[in-house]
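Work through the exercises below with the sequence and the structure in view. Try each task before reading its solution.

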Amino acid sequence: MTMRKVDFSGSYFFVTTLLLLLPLFVSTKAAAAASGLFIFGDSTVDAGNNNYIETIPENRANYEPYAQNGFFQEPTGRFSDGRIIVDFIAEYAKLPLIPPYLQPHIADFSNGVNFASGGAGVLSTTHSGLVIDLERQLKYFEQVRKSLTEKLGAAKAEEVISEAVYFISIGSNDYMGGYFGNETMQQLHGPEEYLGMVIGNLTQAIQ
C-alpha cells in the first residue's frame, strides 16, 4: 500500500476524533439484509486472529480473565469478557459467529470472515511484525474473494461480495503506539502530517 497524505490543516482534533470513533457503523436495515459480514480492524473486533501469529502477550486475548461472562467456554482471542460488537451484528443479521480468517479449517466464507488483529493500525509501520496490518488484511480479503469465485462461480461470488456488510474499526493504534509512543515517528512527521498519512491510507483501503 502506497503511503498517501491528505492535508487536514486546521482540523486535526476534529478528524482525529472521527478516526478514533471508528468503526463505520452500518445501518440496522443493511445489517438485517446482509448476506455476509466482512470485518477489518484491531482489538475492538479481533475474534482470535492473533492466536495464530507470533506476537507479544499484550496482543493476545486467549487467556483469562478474558471471556469470563459465560458465553464462551474458554477465552477465544476476543478482547472482551464475552462477545464483541460484530458478534451482536452477526446475530441481528441471522448469521453465525464470524470466524477469524486464520482459524484453521474454515470451509465456507459465504457468511463472511473476520480479518481483524489486535494492535493493528492503518499504517504498516504500526506495531510492525507483531500484527496483521490493514494492508495485509486487504490481501487476505482478495484471497477470500478468489476462494469464493472458485467455489461458487463468478456470479454468485460477486453477489455475496456486493451484498455483504463491511465493518471497519481501526486507527487508534496508529496514534497510541505508532505515533505518541514512537519518538522517531514524531521526529519524522508533525501531528497534522501524520494524520494525513493515516486518513489517506484509510481512504485508499476503503476505495
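**Exercise 1.** Find which backbone atom the side chain of N114 reaches, and say whether N114 is buried or exposed.

Solution. Step 1: the side chain of N114 reaches the backbone nitrogen of A116 at 2.8 Å.

Step 1: N114 has 0% relative accessibility and so counts as buried. Buried means under 20% relative accessible area, exposed over 50%, and partly exposed in between (1.4 Å probe, protein chains only).

Step 2: N114 is found in strand β2. Helices (H or I, at least four residues) and strands (E, at least two) are DSSP runs, numbered from the N terminus.

Step 3: leaving aside neighbours within four places in sequence, the contacts of N114 include I39, V45, D46 and Y101. Contact means heavy atoms within 4.5 Å.

A note on the source: this is a predicted model, in which local features need pLDDT of at least 70 and side-chain atom pairs count only at pLDDT 80 or more, while totals for chains, interfaces and linings use all residues. Residues are numbered from 1 along each chain as its sequence is written, and side-chain values use heavy atoms, with hydrogens and water left out.

**Exercise 2.** Describe the surroundings of Q137.

Solution. Step 1: Q137 lies in helix α4, residues 134-152. Step 2: the relative accessible area of Q137 is 0%, so Q137 is buried. Step 3: the side chain of Q137 reaches the backbone oxygen of I132 at 2.8 Å. Step 4: not counting residues up to four places away in sequence, Q137 touches F40, G41, F115, A116, S117, A120 and I132.

**Exercise 3.** In what order do the strands of the open sheet lie?

Solution. Step 1: the open sheet has three strands in the order β2-β1-β3, with parallel pairing. Two strands pair if DSSP finds at least two bridges between them. Step 2: the edge strands, each pairing on one side only, are β2 (112-114) and β3 (165-169). Step 3: from one strand to the next, the twist averages 15 degrees. Step 4: β1 and β3 run parallel and are joined by five bridges. L37 stands opposite V165 in β3. Step 5: helix α3 (residues 85-92) lies across β1, β2 and β3 and runs at about 170 degrees to β1. Axes are lines fitted to C-alpha atoms, for helices over the stretch in contact, and angles run from 0 to 180 degrees between N-to-C directions.

**Exercise 4.** Which residues of the largest nonpolar core touch the most other members?

Solution. Step 1: a nonpolar core is a set of buried Ala, Val, Leu, Ile, Met, Phe, Trp, Tyr and Cys residues joined through side-chain atoms within 4.5 Å. Step 2: of the 34 residues in the largest one, F38, V113, F115, V144, L148 and Y194 touch the most other members. Step 3: two or more residues come from each of β1 (37-41), α4, α5 (154-163) and α8 (191-206). The most come from α8, with seven residues. Step 4: a second, separate core of 13 residues includes I39, A90, A93 and L95.

Key. Polar contact = N/O pair within 3.5 Å; in protein donor to acceptor, adjacent residues only side chain to side chain.
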